[in-house]
Amino acid sequence: MSTRGLWLRWSWRDLRRRWAQVFAIALVIALGTGTYAGLLSTGAWRTQSNDASFARLHVHDLRISLGEGTTVAEGTLARLARGISHADALTGVRERLIVPTQVAGPRGLLVPGEVVGSATGPATAVDTVSRSAGRALTAGDDGRSVVVLERQFARKNHLPSAGTLRLSGGSVVRYVGQGQSPEYFLVSGRQGALPFLSQRSFGVLFTTLHNAQALTGAPGRVNDLVLTTRPGATDLVAAELRRALASAAPALTREVTTRADVGAYRVLYEDIKGDEQLWRVIALLILVGAAFASFNLTSRIVEAQRREIGVGMALGVPARKLAIRPLLFGGEVALLGVVAGIGVGVLIGIPLRSMFTDMLPLPVWRTPFQWGPFAQAAALGFLLPLLAVAWPVWRAVRVQPVDAIRVGHLTGRSSGLARLARRIPLPGRSYRQVPVRNVLRTPRRTVLTTLGIAAAIATLVTMLGFLDSFNATLDNSEQDLLRSAPDRVTVSLRTLQPTTGPTVSAVRELPEVSAVTPGLMLGTSARHDGKSVDLVTEVLGADAPWQPHVVDGAASGGLVLARKAASDLHVRVGDTITFEHPQATPAGLRTVSSSITVAGLHPNPMRVFAYLDAATARAFGLAGVTNLLTVTPSTGTSPAQVQRALLGIPQVGSAQAASTMTAGMRGSLREFLGILTIAAVITLLLALLIAFNTSSIGMDERSREHATMLAFGLPARAVLGMAVTESAVIGVFSTVLGVIGGYWLLTWLTATTVADVLPEIGVLVSVAGDTLAIALGLGVVTVALAPLLTARKLRHLNIPSTLRVVE
Amino acid sequence: MSNFDIALAVPVDARAGAEGTRIDLDDVCRYFVVGDTTVKALDRVNLHVDDAAFVVVLGASGSGKTTLLNLIGALDAATSGTVRLAGTELTTASRAQRTRIRRHTVSFIFQSFNLFPGLTAAENVQFGADVAGRRDADAVARDVLEQVGLGARGDHFAHQLSGGEQQRVAIARALATGNPILLADEPTGELDFRTGVQILELLRAQAESGKTVLVVTHNREISRVADRVIELSSGHIVADGPPVGGRAAIDDLRW
């Protein structure tokens, strides 16, 4: 028998003897490394899938979009683009007409949306529409009321692959298929820049340019141009376009934006960075929890070999050879953990993949196995148990052999912190002191176990806390919006209309309507000290049924900003900022910059909302016109009935009940719940494994104490009860630490990652009672009950042989 | 108090009496199957202890003396034959009944003491009284600890006591139960001569106060102070009677 073979056989027997504990430790490592690898693979998946999807559908490099309600003759924008000096850098040019509308469908479906009409032709396509159901549009569909419906909107509203819909003004369209276009991979709507609005509540219809012109009553008109350029030429072309527009139509309100300004593009890519940071924190937390657990447990198993190490030292075996057996043990456990971790990572990847493809339905999804994250995770997962073994081995070989060999009463070292507990005796029998004394007797082990479980609980609190925080933020916003006139319907018009004109009169005359208050909704932005914030500014008359609640300053005499906006701009009430806003000119609306005072602050967490009083707006030359109506339903009429009634009025772009404004975001949050559920299950499993393994090893270490108690006639259930109590004490410490740690992490991530990815929302950090109850349930109840899994072991304990000590 | 002056005060509630201290083994066998081999740890053992006595069970390693102790202490079950303790038959007793017997009839003293490291000396002793359901367990514990000469060390943990002191605490724990039968497995095995003698004196005193004390040992010298010596060899009783040469005084022991 070779020496190598002896060591391997010996370490295999060590593994076999403690197979349940080894399996549990390996599973702990596997959960940590597998979760780390699985979660961090999603970033690469999403990046590759984004790249492929945007490339396949030829997302634009540049876009010219005219101000709301502004159009030019068809061909104008294309000619302007082809007239620049670097026109040879253009690879694709497409004019479009994009018009807001209401979309009504089966089963009472009625949501805002828009019609996107693109010019067709032989030139290279830009922002094409992929087909996912039904058929694509053909040349024969031009001149007919035929559209392709945005795929996610159709899916989430359970619409068939083909059907009919009604639009504002009563137009009926037939959709022949479902598809996706790059700008609408994620829908953000035209009213402001709220990201992640649920696609369920915004219906996009793709059609030909001429169909869109016919449907929206704008024959021969366009308001949008999208372009693709040769690589590296985008900035040059953008600058020339801006010059050309300023020269050709200085009074025209227009914007030249790049691909990076596409809401869906920005969110899809930035989201990855933000999510990756979040996943990395969560994965590291789980890995840290697994690390503490495997360190604690593996080192205790090796400490049980202390006497054998001492015998070896007494026989003259050099320390490096003594280390072979425990290191082999640690290495084998590590290898098991790493191999299992690959399996766990692949398993976790399956539901993650499904969830992401459901939440972010891109036309191309690439989810190849990511060797990078797995290699990182494997390296960590392999090193941790080895380090866990190295430490007790190093300690064991440093003592005098005689101390390592001592048995029985001579092995007693200290009582740890148990003597502190002696000063606070618990009422009842003497053995009721045992659980707390055991916790304090071995402070290092208690701390490591507590930290391991606390890491799992902190992860759970952080993830559930995100949901709670977003829900609390939306509740806060909803509360502000519904403070008064909760039944009101906000109607946005396609173009500016005279307040005494036929459109406003038509709305007033509806029997479902009791009162109409004209106002304005303007796309604006505020700048100060190098910072810039996009705003949707509402101009409300003094008689509007709802007015912003001002918590600082006043509601008139300037701009009323959200507290978040003011904080991001570093301004206070009374400060002057630069305000970009549309101004009426004889030629139409143009964007100008003015100085304006910050008159007041409102508490709504949505940064985008800003308010101006009517008197201030008069200075913008917008007196007597409106594009926003606040409609009060008549008695006995619901907001939904008002929305239906408005469908027949052509100039109505959208009609939204105040109570449903946050519905879109709540829907998106519910989709995110799936990913958090996976992570929650993993943390639950991890905490249970840590607790089980701790109990199991604790049972082994205290087998002689337990055998003594049983020999004195204490029933097994009482001994088990002590183990449960001891576990519960650790569970309480872990839960408190985990909740505090989780809340701190939630606050930090909200202030950093969330603020970067979702700057438009002032997220309120909040942890709901349900989350605390779950943490308590996991941290205390589950951990406390873990020793029950060792009940059989205790009941079958061989008392006589456990009490005998080998001489 | 010198090392040899151990207070031997009136023992606490011994629940002594012929019935309470009686041990009966009839035709008892205990076999262990190890792979293909059957090990006969005890083979057709007959043993009766009628009155309170200091009984030493003597034998070399592997003679079956510890197996005998485990059967009497309801820690193990005989393969065949009957075991009765204080009139109660153990052979057919359920696990719960055995536990009750260990709680109210026998108390153990182990070679390596097996004190609970998280409890102080006084609390370890109180443990015995608590498990046996005695009222005023803490007062009982204090009294018994005084009896074994460790009244001043009650607040110390096990690792702060010497081996002899730990064994005295273990004896006090067994005494605190008030059970009529004490079973000691090599109680002096880990102690030096002087300390071992102190322990024997304590155990002898308990026998004289009305308990049955059964001491298992391989040390023939210890058997000299017994009332009765039962010698085992290969699972059989090969001798059963008073010590050869008559009972010696503890002071005369030498090992």
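# Exercises on a two-chain model

A:Phe369 is partly exposed, at a relative accessible area of 34%. On this scale, buried means under 20% relative accessible area, exposed means over 50%, and partly exposed lies in between (1.4 Å probe, protein chains only).

This is a predicted model: local features need pLDDT of at least 70, side-chain atom pairs count only at pLDDT 80 or more, and totals for chains, interfaces and linings use all residues. Residues are numbered from 1 along each chain as its sequence is written, chains are lettered from A and ligands numbered from 1 in the order in which they are written, and side-chain values use heavy atoms, with hydrogens and water left out.

## Exercise 1: Aromatic pairs

Describe the ring pair of A:Tyr184 and A:Phe206, then the pair of A:Phe369 and A:Trp371.

Step 1. Rings of Phe, Tyr and Trp (its six-membered ring) pair if their centres lie within 6.5 Å; planes under 30 degrees apart count as stacked, over 60 as edge-to-face and the rest as tilted.

Step 2. Take the total. Over all chains, the structure has 13 aromatic pairs.

Step 3. Classify. The centres of A:Tyr184 and A:Phe206 are 5.7 Å apart and the planes meet at 65°, so this pair is edge-to-face.

Step 4. A:Tyr184 sits in the loop between β8 (172–180) and β9 (203–208) of chain A, and A:Phe206 in strand β9, so the pair ties together parts 22 residues apart in sequence. Strands (E, at least two residues) and helices (H or I, at least four) are DSSP runs, numbered from the N terminus. Both A:Tyr184 and A:Phe206 are buried.

Step 5. Turn to the second pair. A:Phe369 and A:Trp371 are also edge-to-face, at 4.5 Å centre to centre and 70° between the planes. A:Trp371 is exposed, at 65% relative accessible area.

## Exercise 2: A helix and its surroundings

Step 1. Zoom in. B:Leu71 lies in this helix. Its relative accessible area is 1%, so B:Leu71 is buried.

Step 2. List contacts (heavy atoms within 4.5 Å).

Step 3. B:Arg30 and B:Asp76 meet in a salt bridge, 2.9 Å from N to O. The term needs a side-chain nitrogen of Lys or Arg within 4 Å of a carboxyl oxygen of Asp or Glu. B:Arg30 is buried at 14%, and B:Asp76 is buried at 17%.

## Exercise 3: The interface

Which helices of chain B supply at least two residues each to the side that touches chain A?

Step 1. Size up the interface. In contact are 34 residues of chain B and 33 residues of chain A. The buried area is about 3,000 Å², with 60% of it from carbon and sulfur atoms. Buried area is the accessible area (1.4 Å probe) that two parts lose on being put together, summed over both.

Step 2. Check the charges. The rule finds 2 salt bridges across this interface. A:Arg429 forms a salt bridge with B:Asp130, with the closest N and O atoms 3.7 Å apart.

Step 3. Assign the helices. They are α1 (65–72), α2 (95–104), α3 (121–131) and α5 (163–176) of chain B. The largest share, 5 residues, comes from α3(B).

## Exercise 4: Salt bridges within a chain

Compare the partners in the pairs A:Asp568 with A:Arg607 and B:Arg247 with B:Glu208.

Step 1. Start with the total. The whole structure has 35 salt bridges over all chains.

Step 2. Take chain A. The closest N and O atoms of A:Asp568 and A:Arg607 are 2.8 Å apart. A:Asp568 is in helix α17 (residues 563–569) and A:Arg607 in the loop between β19 (588–602) and β20 (609–613), 39 residues apart. A:Asp568 is partly exposed at 22%; A:Arg607 is buried at 11%.

Step 3. Take chain B. B:Arg247 and B:Glu208 meet at 3.8 Å, N to O. B:Arg247 is partly exposed at 47%, while B:Glu208 is exposed at 56%.
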